[in-house]
Amino acid sequence: MAGKPKVAFYWCASCGGCEESVVDLAEAILDVVAAVDIIFWPVAMDFKRSDVEALPDGSILVSMINGAIRSSEQEEMARLLRRKSRLLLAYGACAQLGGIPGLANQFDREQLVRFAYDDCPSVQNPDKVRPRPQAQDDGRTVTLPVLHQVVRTLDQVVPVDYYLPGCPPTPRLLNQAVAALLSGTLPPRGSVLAPDIALCDECPRKDSKPADLRLAEFKRPHWAVIDPEKCFLAQGLLCMGPGTRGGCEALCIRGNMPCSGCFGPTSRVRDQGAKILSSICSNLAATEKPEIDRILTTIPDPLGTFYRYSLAASLLRKRVAA
Amino acid sequence: MQEPIQAAWNTAYTKVNQEYLQRRTISIDPITRLEGHGKIEIFLDDKGEVERAYLQVPELRGFETFCIGRPAEDMPQITSRICGVCPTAHHMASIRALDDLYKVQPPLTATKIRELVYHTFMLEDHALHFYVLGGPDFIVGPGAPKEQRNVVGVIQKVGLEVGKKVISMRRRLRELIAYFGGKVIHPVLGLPGGVSKGLDPADLPGVKQLAQDGAEFARFTLQVFKDVVLKNDQYLKLITSDTYTHRTHYMGLVDDRNRLNFYAGKIRVVDPTGKEFAAFPVQHYLVYIAEHVEPWSYVKFCYLKPLGWKGFVEGPESSVYSVAPLARLNAADGMPTPEAQQAYEEYLGTLGGKPVHHTLANHWARVIEMLCAAERMQELVNDPAITGTEIRTIPTATPNVGIGVVEAPRGTLIHHYETDENGLIRKANLIVATQGNSARMAMGVEKSARGLIHGGKVSDGLLNMIEMAFRAYDPCHGCATHSLPGQIPLTVIIRDGAGQVVQELRR
């Protein structure tokens, strides 16, 4: 066992889907378990934080961390695993870009807490009780982690060596990443371990995408009859394909729904939302401002559409109180 | 008082005071099922008996707030990110809320496809818990060496062939979900009034084969449960022991004949004696369900609103209710499919009739539900409507309020949206399945701690026994997350008031 490379998995502010995507290796997981020594995987294995603390620094080959950073405890764990690992891999959209939990940066923490414990219609809380980092209950002190003001990506907290994109990453990409790790054939540090092409390039509907889309209005999917063969943008349905990295096997497209952008940008793009927005705007069937405005108002939620997974990583990052 | 006596008295007094202050606490941290974080704090009195135990959930992501401003039709995909283990449950509850929001009736084929996806999901998700999560406690044994109390131990016990069978069956079931949903983790099929993709008749034979194999797999699993658990008197004693018993209310969805339903129907609540307490459409949930806040956990505790919050108590005075397999089988009068009904009768016969208050019976109820889900899959794939081409009704109504419900594997799951006339979310409220069990689970952890910890002494076996008190529910706390294969790493540290470690156990 001592000769096998050590691997750790950990989760922060996430949904558990990244963990499930590891389990979705299915039969192949038996090979992975045989090739590496998993020394930390809180959901699956028997080791705890103190076991990680006891390891020499740098003794883990790679730690794969999923989830955004939302609490004091998650930040501590990210720092600990960084110190113990030669490589740190941001696993999935939340670790890479903040993911859907990052949409919380549109609001401040107090708004989240106030709704959950006061304003929510099913809550009965006349005494305005709030969960506390240090709660007193009948003379006893019970503690909870502190929620941070903002949601951060993993690389906003610690240096990250590699990224595996997706909400969640596919088993195929995970398999390829593990193979590259074990054979020492990794690309340069900082790389995203997925093809560096836009989703449109591998889309099964690529041939039906016209060179000039001439977008005159955007339809909302529940009000549209969706052609199962034709490019979504050509049908007037917003698709994030042009500004989103491929490698996902176009799964949502195969489910007859447009791409929502979970694989993040390609390496040439700093801000995914801005990239898609500019790509859409350059394809509008209008040149005059009033007409451009009219077309754009048919997009009801630009922020949630263009930055669905990447608000925390974007140039916008967070809403600042007026 | 003479000086030496005064000094002695002072010393004694100080010592007593110190001992009182040194009331010991036991921390079980982390339990890691809950967003990677979770904690049990147990406070002992000066005799080392349990004074109070807290099951804490340390996570809040604020979905209800950051859904504001989003188009309602995006909600099935956004809310599925509440939980990547049961994304299909959130996706489906959300679609049901959107149907209600747009007052739209999906075509028959769309309903059949949704139900097929949903029952496939129910089968694979329950299988995950039975073989990987909860199963080790019984298949390997609660007192087995800790190294073996996990999925690897299960495979060793039942054989590699069976292990591969479980992996392969789950993979195939999840591929069917992906067939319709694009992705299995965070599917995309749901639209108000229908689904995005139909079933190609050319693919039907394969789907029929899968449904048949799924039913065979569920029967096999029920047999494993019978052989391993029911034939072992000690396990039966454990299941029916007072340590794991709570007399509370129970909630679940039922059809118009009060038979269990995962996908639709009315919400039915029975009281601790098994009598119907309420039956209502989900649109009335705010009349019956309320959430209580405690300062020591981020999770909110659901209770029956007409009764008021009575605290963490059971019995006739309790306003606590429970959800998930045990609760569903208590809330329903029967099962909707023949083989599951037969298994249900056997279950009630062995456990002494309804309601079943034994928390660990959740494991048995879960396997009966696997059989039910597989039988429903077979009914659905043999229904000619399943390959129909009409899969959408385009909504025309102006949206305002939509409320939807499904039975998630872990219990009754409610999505409630309010929108402007353009369908943008103004308010969202979610009653997540595990919240329905949060009070009962907190009580269960405390009761098992009280029953197992005496004189301040804990043993390694205790750790697993306390875990079993909440593991039976397959918790998915705040649905922030939920646990996956294997066993929870636990550390129990007993300290005195000065922070000195008296005893430490880990695994």
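Modeller: Strand β6 (residues 249-254) of chain B runs parallel to β11(B), and two bridges join them, which meets the criterion for pairing, namely at least two bridges found by DSSP between two strands. Within this pair, His249(B) stands opposite Tyr321(B) of β11(B). The model is a predicted one, in which local features need pLDDT of at least 70 and side-chain atom pairs count only at pLDDT 80 or more, while totals for chains, interfaces and linings use all residues. Residues are numbered from 1 along each chain as its sequence is written, and chains are lettered from A and ligands numbered from 1 in the order in which they are written.

The two strands belong to an open sheet of four strands in chain B, ordered β8-β7-β6-β11 with mixed pairing. Its edges are formed by β8 (276-280) and β11 (321-322) of chain B, and because each has a single partner strand, one side of each is left without a neighbour in the sheet. The element names refer to DSSP runs numbered from the N terminus, a helix being H or I with at least four residues and a strand E with at least two.

Turning to the contact between the chains, 78 residues of chain B are in contact with 71 residues of chain A, where contact requires C-beta atoms, placed from the backbone, to lie within 7 Å. On the chain B side, the elements that give two or more residues are β2 (39-44), β3 (50-56), α2 (63-66), α3 (75-79), α8 (160-181), β9 (289-292) and β14 (425-431), and α8(B) provides the largest share, six residues. By class this side of chain B has 35 nonpolar, 25 polar and 18 charged residues, with Ala, Val, Leu, Ile, Met, Phe, Trp, Tyr, Cys and Pro counted as nonpolar, Asp, Glu, Lys and Arg as charged, and the others, Gly among them, as polar.

The C-alpha trace of chain A spans about 65 × 60 × 30 Å along its principal axes.

How values were computed. Two residues are in contact if their C-beta atoms, placed from the backbone, lie within 7 Å.
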